[in-house]
Amino acid sequence: SVVNPASPALPTDTAKFLKFAETHRTVLNQILRQSSTPLADGPFSVLVDHTRILDFDVKRRYFRQELERIDEGQRREDLAVHVRREHVFEDSFRDIHRRSREEWKHRFYIVFEGEEGQDAGGLLREWYLIMSREIFNPNYALFMISPGDRVTYTINPSSHCNSNHLSYFKFVGRFLAKAVYDNKLLECYFTRSFYKHILSKAVKYTDMESEDYAFYQGLVFVLENAVKDLGYDLSFSTEIQEFGKTEVRDLKPNGRNIPVTEDNKKEYIKLVCVEKMTGAIKKQLHAFLEGFYDII
C-alpha cells in the first residue's frame, strides 16, 4: 500500500516520479544501495517522505546517515560505566541514569568490578546483551510478556508496584535508544503497538491481535455481528484488573451508562483499544518516551 501517486495533495511531478519509482522499485533500491551520496542530498530525496518504496536496508542506511549528520562536529569522549556482574542493571542505573543526554551520547566504556581486562568493544557488547535481558526481569515488573503471542513484551500496567518504576522506564528508554544510536543488536522483542508508540503512530484494533488475542477475537465478533444479537450488553467502559482487584474504567465521560449500539460500536472499539494499549500505561509510556527521545 504505497502512497497513492494520484493523490491531489501531491505536485504532478512528484506523483509521476512516485508512480515510476513504484514500477521500478527493485532497480531503484539497487541504485540507492550503491550510491555514496546520502539519500536526503541526492536526486531521489523525495523518497525521504515516501519511504514505503524503499527496502528495509536502504531505510536503515538513511536513518544511520541522518544520525551521523546530527552528530557531526560533536566531540565524543569515553565514559566509564562501573558495574558488578551480578548487579548489572542496578549498577548501570545508579551510575548513568542521572547523566545528561549529551553524556549518554559519549562512548560507553564498561568496567566489570573485580575483573581484569580492557574494554576493546567486547565488554560493551556483553553489557548490551545482559542489559537487554535484565530489563525484562520479572523482579522489576517493568514489562510483561504479551498474552497474545507469548513472545513479545509490552509495558506492565501494574509496574507501579515498583515505587521507582517511572525513573526506571526513563532509563530503559534511554538505554534502548542508545543501543540504536550505537548500532548494537539487542535481544528485545516488543509488541507492534509498542513500536507504534515510539513512532507516534495511532494504535488500531488490529494491533490488539498481538497484545491479547482472546480480547481481539471478541472485538472482531462485535464488529462482524449485530449488537442486538451478541447476547450481552456493552457500555462505554472496560474492566481493568490490578493486584487482584477489578476496576471499571469509563472510556468517555459517564461511559458505563452509555450503551454500545450498532451506530457507535466502531467508536467503542477504537476507545477500548486506546485504553488497553495506551491509557492503562500512560505514565510509564511517557517516562519511557521521554528517555528515548533524549537520545533519538
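This is a predicted model: local features need pLDDT of at least 70, side-chain atom pairs count only at pLDDT 80 or more; totals for chains, interfaces and linings use all residues.
**Leu 176.** Contact means heavy atoms within 4.5 Å. Leaving aside neighbours within four places in sequence, I found Leu 176 touching Ile 135, Leu 186, Cys 188, Phe 190, Phe 288 and Phe 292.

**Ground rules.** I number residues from 1 along each chain as its sequence is written, and side-chain values use heavy atoms, with hydrogens and water left out. Local features need pLDDT of at least 70 and side-chain atom pairs count only at pLDDT 80 or more, while totals for chains, interfaces and linings use all residues.

**Cores.** Next I checked the largest nonpolar core. A nonpolar core is a set of buried Ala, Val, Leu, Ile, Met, Phe, Trp, Tyr and Cys residues joined through side-chain atoms within 4.5 Å. Buried means under 20% relative accessible area, with a 1.4 Å probe and protein chains only. The largest core holds 44 residues. Leu 176 is among those with the most contacts inside it, and so are Phe 89 and Phe 288. Helix α7 supplies the largest share of this core, nine residues. I also noted a second, separate core of 17 residues, including Tyr 216 and Ile 269. In soluble globular proteins, nonpolar side chains tend to be buried together.

**α4 and α7.** Helices (H or I, at least four residues) and strands (E, at least two) are DSSP runs, numbered from the N terminus. How do the axes of α4 and α7 cross? The axes of α4 (residues 88-96) and α7 (residues 165-181) come within 11 Å and cross at roughly 85°. Axes are lines fitted to C-alpha atoms, for helices over the stretch in contact, and angles run from 0 to 180 degrees between N-to-C directions. I therefore call α4 roughly perpendicular to α7, a label for angles of 65 to 115 degrees. Phe 89, Ser 92, Phe 93 and Ile 96 in α4 meet Ser 167, Tyr 168, Phe 171 and Val 172 in α7.

I then listed the buried residues of α4: Val 88, Phe 89, Asp 91, Ser 92, Phe 93 and Ile 96. They pack against α7 and other elements, including β1 (78-83) and β2 (107-112).

**Gln 65.** Is Gln 65 buried or exposed? Gln 65 counts as buried because its relative accessibility is 17%. Gln 65 lies in helix α3 (residues 56-71). Not counting residues up to four places away in sequence, Gln 65 touches Pro 38 and Leu 39.

**Whole chain.** The chain has 12 helices and six strands. Of its 296 residues, 41% count as buried.

Terms used: Buried means under 20% relative accessible area, exposed over 50%, partly exposed in between (1.4 Å probe, protein chains only). Angles under 35 degrees count as roughly parallel, over 145 as roughly antiparallel, 65 to 115 as roughly perpendicular and the rest as oblique.
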